[in-house]
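Subject: Structure handover

Hello,

Here is the structure for you to take over. My notes on what was found in it come after.

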Amino acid sequence: MEYIAKQFTPQLEQHIHTVERSMQELLKSIYAQYKEAFEKKGMELSVGVIREGENPFQPGYHATIHVGILEKDEFLDGLFIPVWHCVRTF
């Protein structure tokens, strides 16, 4: 979904932060559920919400869900799912 600058409201900003927090909580739950299964196979599950920037309405800000698998501290594979990113286009 795309928004234009006129649609950048405090309600939208709150919604973005709410979605980021709910994703973080969901990822904690997934991690707790699957941590041991990965450890039994000598692997580590890595999950989290990665945020860059301070203001969701400033270009360069983005929030991404990260799910990855590590084996012996080596990154095997990962998935990055964008939640929100802000760009300026002309």
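**Y3 and the aromatic pairs**

Y3 counts as partly exposed, at 30% relative accessibility. Please keep in mind that this is a predicted model. The number of aromatic pairs comes to four. One of them is formed by Y3 and W84, a tilted pair with 5.7 Å centre to centre and 45° between the planes. Y3 sits in the segment before α1 (10-40) and W84 in strand β3, so this pair ties together parts that are 81 residues apart in sequence. W84 is buried, because its relative accessible area is 11% and the cut-off is under 20%. Ring pairs also join Y3, F8, F57 and W84 into a cluster.

**The nonpolar core**

In soluble globular proteins, nonpolar side chains tend to be buried together. Which residues make up the largest nonpolar core here? There are seven of them: L12, I16, F57, Y61, A63, W84 and C86. F57 and W84 therefore belong to the core as well as to the aromatic cluster. Leaving out residues up to four places away in sequence, F57 touches F8, T9, L12, E13, I16, W84 and C86.

**Strand β2: H62, T64 and H66**

Strand β2 covers residues 62-71 and includes H66. H62 and T64 are found in strand β2 too.

- H62 counts as partly exposed, at 25% relative accessibility. Apart from neighbours within four places in sequence, H62 is in contact with I50, R51, E52, W84 and H85. The C-alpha atoms of H62 and D73 are separated by 26 Å, with the two residues 11 apart along the chain.
- T64 is buried, with a relative accessible area of 13%. With neighbours within four places in sequence again set aside, T64 is in contact with G48, V49, I50, F80, I81, P82 and V83.
- H66 counts as buried, at 10% relative accessibility. Its contacts, neighbours within four places in sequence excepted, are S46, V47, G48, I50, F75, L79 and F80.

I50 is in the contact list of H62, in that of T64 and in that of H66. F80 is in contact with T64 and with H66.

**A nonpolar patch on the surface**

I50, F75 and F80 form a nonpolar patch on the surface, and their accessible area together is about 280 Å². F80 lies in strand β3, which runs over residues 74-85. Is F80 buried, partly exposed or exposed? F80 is partly exposed, at a relative accessible area of 48%. H66, which is buried, has I50, F75 and F80 among its contacts.

**Salt bridges**

How many salt bridges does the structure hold? The count is three.

The side chains of E20 and R51 meet in a salt bridge at 2.9 Å, N to O. E20 lies in helix α1 and R51 in strand β1 (residues 43-52), so the pair ties together parts that are 31 residues apart in sequence. E20 is buried, with a relative accessible area of 1%, whereas R51 is partly exposed, at 39%. R51 is also one of the residues in contact with H62.

E25 forms a salt bridge with K28, where the closest N and O atoms are 3.5 Å apart. Because E25 and K28 are three residues apart in helix α1, about one helical turn separates them. E25 is partly exposed, with a relative accessible area of 48%, and K28 counts as partly exposed at 48% relative accessibility.

In the salt bridge of E39 with K35, the closest N and O atoms are 3.9 Å apart; the cut-off for a salt bridge is within 4 Å. E39 and K35 both lie in helix α1, four residues apart, about one turn of the helix. E39 counts as partly exposed at 45% relative accessibility, and K35 counts as partly exposed at 32%.

Regards

Terms used. Residues numbered from 1 in each chain as written. Predicted model: local features only at pLDDT ≥ 70, side-chain atom pairs only at ≥ 80, totals over all residues. Heavy atoms only, no water. Patch = residues over 30% accessible without salt bridge, like charges linked within 9 Å, V, L, I, M, F, W, Y side chains within 5 Å. Areas by Shrake-Rupley, 256 points an atom, 1.4 Å probe, with all protein chains shown as cover. Helix = DSSP H or I, 4+ residues; strand = E, 2+ residues; numbered from the N terminus. Buried < 20%, exposed > 50% of the residue type's maximum accessible area, 1.4 Å probe, protein only. Phe/Tyr/Trp six-rings, centres within 6.5 Å; stacked < 30°, edge-to-face > 60°. Contact = heavy atoms within 4.5 Å. Core = buried A, V, L, I, M, F, W, Y, C linked by side-chain atoms within 4.5 Å.
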